[in-house]
Amino acid sequence: MVDLIRNQCIGSQEDLAARLAEHGYKVTQATLSRDLKMLKTTKVPTDRGTYMYILPDSNTLKDKLLSKGAADMSPNFQSGFISLRLSGNIAVIKTRNGYAAGLAYDIDMSNAPEILGTIPGSDTILAVLDENVSHERAMEVFRKMLPIDRNHHYR
């Protein structure tokens with residue numbers, strides 16, 4: 001099951017059950033639900049309006065989206081990003097509803113030393129910056145991940 005989730009865009013338990021059946025594994029929905037919870041999978045939106053499962057601590061989301069032709073992972077890909085504001089060592093990132101978890105995951109997986117971690121909601125991400133990171137440096141880091149133009153002003 002882990003290999004299927006890592007290497008394919010699986011969007012539902014029914015889809016996962018069908019793919020497991022193709023490999024000779026017949027499982028119930030209850031078993032899939034329990035196993036997905038145990039693996040700590042997350043269901044994230046794609047820019048095509050669908051969803052897919054991802055595993056924690058795996059950086060295959062971008063590869064899966066790229067392989068499906070679902071996203072151009074340059075900073076201008078459809079991330080659901082709306083805005084970014086900085087206050088002290090906190091960045092508040094607004095997204096379209098449902099996009100925060102996937103975008104926070106990508107930010108965390110970037111392993112940027114300037115960003116200590118993120119906390120996503122459904123349409124907002126709080127990112128905690130290292131204390132000594134200037135707002136100018138934070139904007140440089142976020143520009144690599146978010147579709148922020150050079151004229152974007154922050155507060």
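**Entry 1: a helix contact.** On the helix 2 side I found Gln-13, Leu-16, Ala-17 and Leu-20, and they meet Gln-29, Leu-32, Ser-33 and Leu-36 in helix 3. Sorting the residues of this contact gave me 5 nonpolar, 3 polar and no charged. A reminder to myself: this is a predicted model, so everything here is computed.

**Entry 2: the angle.** Next I checked how the two helices are set against each other. Helix 2 covers residues 13-22 and helix 3 covers residues 29-38; they pack at an angle of about 105 degrees, and their axes are 10 Å apart. Angles of 65 to 115 degrees count as roughly perpendicular, and helix 2 and helix 3 are therefore roughly perpendicular to each other.

Entry 3: I moved on to the strands. Strand 3 (residues 81-87) and strand 4 (residues 90-95) run antiparallel and are joined by 6 bridges. I looked up two of the pairings: Ser-87 has Ile-90 in strand 4 as its bridge partner, and Ser-83 stands opposite Lys-94 in strand 4. What lies between the two strands? They form a hairpin with 2 residues between them, and Gly-88 in the turn has a positive phi of about 60 degrees.

**Entry 4: the other neighbour.** Strand 4 pairs with strand 6 (residues 124-129) as well, in the antiparallel sense and over 5 bridges. Here Ala-91 has Ala-127 in strand 6 as its bridge partner.

**Entry 5: the whole chain.** Last, I stepped back. I counted 6 helices and 6 strands in the protein, and along the sequence they follow the pattern α-α-α-β-β-α-β-β-α-β-β-α. Of the 155 residues, 39% are buried. Among contacts with a separation of 6 or more, 47% are between residues 24 or more positions apart. The protein exposes about 8,900 Å², and carbon and sulfur atoms supply 49% of that.

Notes: Residues numbered from 1 in each chain as written. Predicted model: local features only at pLDDT ≥ 70, side-chain atom pairs only at ≥ 80, totals over all residues. Heavy atoms only, no water. Axes fitted to C-alpha atoms, helices over the stretch in contact; angles between N-to-C directions. Helix = DSSP H or I, 4+ residues; strand = E, 2+ residues; numbered from the N terminus. Parallel < 35°, antiparallel > 145°, perpendicular 65-115°, else oblique. Contact = heavy atoms within 4.5 Å. Nonpolar A, V, L, I, M, F, W, Y, C, P; charged D, E, K, R; others polar. Pairing = 2+ DSSP bridges. Buried < 20%, exposed > 50% of the residue type's maximum accessible area, 1.4 Å probe, protein only. Areas by Shrake-Rupley, 256 points an atom, 1.4 Å probe, with all protein chains shown as cover.
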